[in-house]
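Here is a friendly note to read with the model open beside you.

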Amino acid sequence: MTPQPVPPQVRAGIRARLRAFAGTSVALALLVAVTAALAAAYPRAVDRYADAGLRRAVEQASPDRTTVQVDAPPPWTDTAQEAEAALRPGPLTAARAKVLAAVRAPLVADPAQSSYGVRTTIGMDASDPWLPQPAGIPAQLVLAAQQGLASHARISAGRLPRTTGEPVTATTERVEAAVTADTARTLHIRVGSVIHLPGAPGATLTVRITGIVVPRTPAGAYWSALPLLRTPALSRQPGSAVTEVYWLGGLLLAPDAGPALLSSPGIPHRYWQVAPDVTALHGRDLDRLASAVAALESGPGVQRLREAVDPRLEAVTSLDGVLADHAGLRSGIDPLLLLAAVGTGTLAVIVLVMAGGVAADRRRAELALLRARGASLPGLALRLLAETAVVAVPAGALGLTAALLVLPGARTAPAVAAALAVTLLGCVALPLRGVLAHRTVRMHDDREDSASARPSRRRTVAELTVLVIASGAVAALRRQGSGSTGLVAAAPVLTGVVAALLLARLHPLPMRALSRATTRLRGPVIPLALAQVARAPGFAVLPLLALLTALTTAAFGGSVLAGVTAARDRAALVAVGADGRIDTTAGGSLPEALPDSVRRLPGVRDLTAASVINEAKPQQGGQQVPLAGVDPDAYAQLSQSTEMGSFDAASLRQKGAGTAGGADRPLPALASSRVAEEYGTGPYVVLLPDGSSVTVRIVLVRESTPAVIGDDFLIVDRAGLPRDMARTTTLLLTGDALNGRTLRSAAERTTATVRLRAEERARHVDSPLQSGAERLYGVAVGASAGYAVLTLLLTVLRTAPERGALLARLRTMGMNRSQGRRLLILTALPQAFLAAASGLLTGWAGIHLLSPGVDLTTIALASSSAVEGVALRTDPLSLAVPALTVLLLAVGVPAGQAWWTSRRGSVRELRMGDE
């Protein structure tokens, strides 16, 4: 059946309609385009942040954790020649192909960084005395015949190792090797050096160094999956003393020298390192990726390799742990993103429906005439659908295209589905509203104001149902957290919906009472305005719903961002103790001139010196407790400004004359709650590392303090400490613009370290998932505020003709311009004020109501132990700015309309007299 062409008269009618309502068509196109762009951008942004977060997590983990290490001992063979053959490049390369083929999607191997070869699995003592021996213990070396050395390193000195003459066998006693520049520098190896290692029983394996190489990508898996081959490390035997260390390094043999390791005591193994291709990782595949790793490590993948390569083959990796850690981070962030998506998405749906309602309401007379002239409901719906589709479909396509271009490198299908849903809703909103409003042919419209319209029983039941659902969602969120069910994600939105329904029910009551109270006032403006407000149409429920939902969503998003900011600031402050901190690291004291020089640096507002003794030990206990000597006045001021255990300076001062810190005059001390609980309030003796002691008595207990980082501390007056123990070890700095480079330059010739609160705060943004979630919440706040303004503008557009007609009629009865402006302003002010005030109150109440169930730790901090209980925090700006904007626009637009209408010619013709 061939499709019927669109009749010419229909096409002409659509063109005429678009020309007649060009402004409305452009506004609808902009609304659909922006909403479609936001809807399509959300899944793509989430995909991009998820991919970047997963890749960052794998990149930050060392390659020896993320590489799947497959190894197998030499095969059981009948002859030594067969065993040697298995360790030569040909069989190793063939086995490598089988190992890489066992990797299943979505895990993708990086062949360029996946190394393989033969190596000893334990270090062998090098008997050469010229090798460094830190504790008199010979250095140990690991030998590796790793394939592909020439393509992964450049020669710094000498040449690459090679085999000459006959092939290398298990009885070969002389081989060549290369070392990296780090190994050569640390172990004092040069080109031409000869190293002697244990070989076959009763024999020695002589290794001559022929070259020094520099890795092309030292951080890549080729060099870092077995880091000893790149950089030697100090090691010690289990159970030995801390000082009994020795060097453990690696020598790189020629690629075909693997058989020489067969007879060595180093337990040689064949190995194949499977390095993951980081660029091929996608966050959406996280579960499948974990399954692929598990299959290769201990599932069907390793079983296939044992059948194809060697029955004793083993695969080990820590990549599954890296993925599990990332999954934990994502599981804490995804529910928060869902909260933002549900709130903004619901608001967009309401605004699109409201736009269709405004268009249908403005065309009520036209649609009623069409119905009276015999137009059927399906025909009317198709006509309206064609008119809106001509505008909405290109706008939706434009929004989708913008999202695809701005956010490349993500899945297209979810974005297309989201943009299609927005476009479809934009197309059907007007037809559905028109059909519902004109189901019955009427000669005239019924009154819809609150004087005649009363809530039906169905509406009452629906509102009670929404109230019950919202109460259940809020209760579930508070009890189970934001990640429990999909309904919980709608809790912030439902809070705004319930508030809107309550306000729609209750707001006519005070308006009617106020209207009756002002009927005896002189002048027509105030009584007329309140009468108009009291008889507001029932259609105002939908704008009210959109306004309160928008304000609640904006407030919730702002509280998330404020909570994240406050948590990071607090965690950085707890880690540093002030805006900046200078600590000695060698156990001594800072130079006497350093405090004065630091105090004069730009950006330093104040400086507090402290003597921190980490080795102090209460005589009655066995654990060390950090003790800090401070100046009570300066330290009390610092504690108060940082809100870290503020106290009265007089409580720490020693009173009276005589020697402080003795048994007869214990020093007043501020202690942590754990120290006070464990040792009591004293007095008791605290032993100092120089052999002296002081007697302290705990007079204050606080949870934290700036001078000492940790849960255990004692703070005393520095004047009561022995002179040697009262030397300055720590400087606590305050200032809004501390310069790390300048501070480090001032402390350059000392053993001090410099830490800044701003730098510590930046470290908590550890993953693109965190920064991406923050950006999405920022967009959600902006979109909510924009939709709130748009809701108000749609409401104004809907009522603009009625206001113009009312003003014209009143002008004919003698109302002047000033009175007309005041009338429109007073008509808009009560509802706008109620909406803004209700939005503020609903947002504030919603934040406090939902705060116990929303945990921001994962989105705010790199480590959950930095600060406990990261919760929502009320943000005054996100509460006040959208509400005030709504209030100002609600009053300003009618005032502007009154000013404009009063200057139109039609008004001047209708009026009976002006002055």
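1. Which strand do five bridges join to β1? That strand is β11 (residues 268–274), and the two run antiparallel. Strands here are DSSP runs (E, at least two residues) and helices are runs of H or I with at least four residues, numbered from the N terminus. Two strands count as paired if DSSP finds at least two bridges between them.

2. A word on the source: this is a predicted model, where local features need pLDDT of at least 70, side-chain atom pairs count only at pLDDT 80 or more, and totals for chains, interfaces and linings use all residues. Residues are numbered from 1 along each chain as its sequence is written, and side-chain values use heavy atoms, with hydrogens and water left out.

3. Back to β1 (residues 68–72): V68, V70 and A72 form its covered face, while Q69 and D71 form the uncovered one. In a regular strand the side chains alternate between the two faces of the sheet.

4. β1 also pairs with β12 (residues 314–316), antiparallel, over three bridges. Look for V70, whose bridge partner in β12 is A315, and for A72, which stands opposite R270 in β11.

5. Now find the open sheet of ten strands, ordered β15-β18-β19-β17-β20-β16-β14-β21-β13-β22 with mixed pairing. Its edge strands, β15 (617–618) and β22 (752–756), each pair on one side only.

6. Within this sheet, β14 (residues 606–613) and β16 (residues 627–630) are antiparallel partners over four bridges. S611 has G629 in β16 as its bridge partner.

Definitions and conventions:
Buried means under 20% relative accessible area, exposed over 50%, partly exposed in between (1.4 Å probe, protein chains only).
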